[in-house]
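Here is a short briefing on one protein model. Look at the sequence and the structure first, then read the points below.

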Amino acid sequence: MPESLTTAETDTAALRQTLGDLVVASHRLTRIAARVTGSTESPATWRTLSVLQSAGPMRLGELATQSRVSQPTMTKIVRNLVESEWVKRIADTDDARAWQIALTPKGAAALQDWRDTLADALVPMFADITEDELAAMTLTVQVIASRADLSVAASAALSGR
C-alpha cells in the first residue's frame with residue numbers, strides 16, 4: 001500500500017499544477033490579444049525589447065539566449081530594431097571588440113504602446129470581472145513580478161554583471 005502524501009508534498013504538487021496552468025493561461029491570453037490587435041511584429045521582437053527593458057544592455061549571444069532564439073535570428077532582429085531606432089549598439093566596457101545591445105527611449109515607448117494595445121484588446125474579455133477577482137489578479141501579478149525580479153537579479157549576479 002503506497003504511503004500517503006505529506007502536506008508539504010501535496011502543497012508542492014498543487015503549486016506545480018498552478019504554476020503550469022498559469023504559464024499556459026498566460027501564453028494563451030497573449031496569443032489571443034496579439035491576434036485581436038492584428039500586429040505584424042514578431043513576438044520575438046517584443047520579447048527581445050522586454051528582455052532588454054528588464055535586464056538592461058547585453059551582448060547579442062546572451063540576448064539570443066534570453067529571447068529563446070538562435071544567434072543568427074537575433075542578429076536579424078537586432079538589425080531591424082536598430083533600423084527602427086528601438087535599440088542601439090553600445091561599446092562593451094569589458095571587451096572593446098564587442099558590442100552590447102541597449103533599449104532606446106523610442107524602443108521603450110514602442111514596447112509600452114504594444115502592452116497598452118494588448119491590454120486594450122483584452123479589456124472586453126474582463127469587463128464583468130468582480131472586485132475580488134481583480135484583487136486576486138493584481139496580487140498574482142505582484143507575486144510573479146517579485147519572483148521574476150529576484151530571478152533577473154540572481155542571473156545578473158551569476159553572470160557578473
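Two aromatic pairs are present in this predicted model. In one of them, the ring centres of Trp46 and Trp114 lie 5.0 Å apart and the ring planes meet at 5°, so this pair counts as stacked. The cut-off for stacking is an angle under 30 degrees between the planes.

**Aromatic residues**
- Trp46 belongs to helix H2 (residues 43-55) and Trp114 to helix H5 (residues 105-122), so the pair links parts that are 68 residues apart in sequence.
- Trp46 and Trp114 are both buried.
- One aromatic cluster is formed by Trp46, Trp86 and Trp114.

**Helices H3 and H4**
- The axes of helix H3 (residues 60-67) and helix H4 (residues 71-83) come within 9 Å and cross at roughly 100°.
- Angles of 65 to 115 degrees count as roughly perpendicular, and H3 and H4 are therefore roughly perpendicular to each other.
- On the H3 side, the contact is made by Leu60, Gly61, Leu63, Ala64 and Ser67.
- On the H4 side, Gln71, Met74, Thr75 and Val78 take part.
- The residues of this contact divide into five nonpolar, four polar and no charged.

**The protein as a whole**
- The secondary structure consists of six helices and three strands.
- Along the sequence, these elements follow the pattern α-α-β-α-α-β-β-α-α.
- Of the 161 residues in the protein, 22% are buried.
- Among contacts with a separation of 6 or more, 52% are between residues 24 or more positions apart.
- The protein exposes about 11,400 Å², and carbon and sulfur atoms supply 58% of this area.

Conventions. Residues numbered from 1 in each chain as written. Predicted model: local features only at pLDDT ≥ 70, side-chain atom pairs only at ≥ 80, totals over all residues. Heavy atoms only, no water. Phe/Tyr/Trp six-rings, centres within 6.5 Å; stacked < 30°, edge-to-face > 60°. Helix = DSSP H or I, 4+ residues; strand = E, 2+ residues; numbered from the N terminus. Buried < 20%, exposed > 50% of the residue type's maximum accessible area, 1.4 Å probe, protein only. Axes fitted to C-alpha atoms, helices over the stretch in contact; angles between N-to-C directions. Parallel < 35°, antiparallel > 145°, perpendicular 65-115°, else oblique. Contact = heavy atoms within 4.5 Å. Nonpolar A, V, L, I, M, F, W, Y, C, P; charged D, E, K, R; others polar. Areas by Shrake-Rupley, 256 points an atom, 1.4 Å probe, with all protein chains shown as cover.
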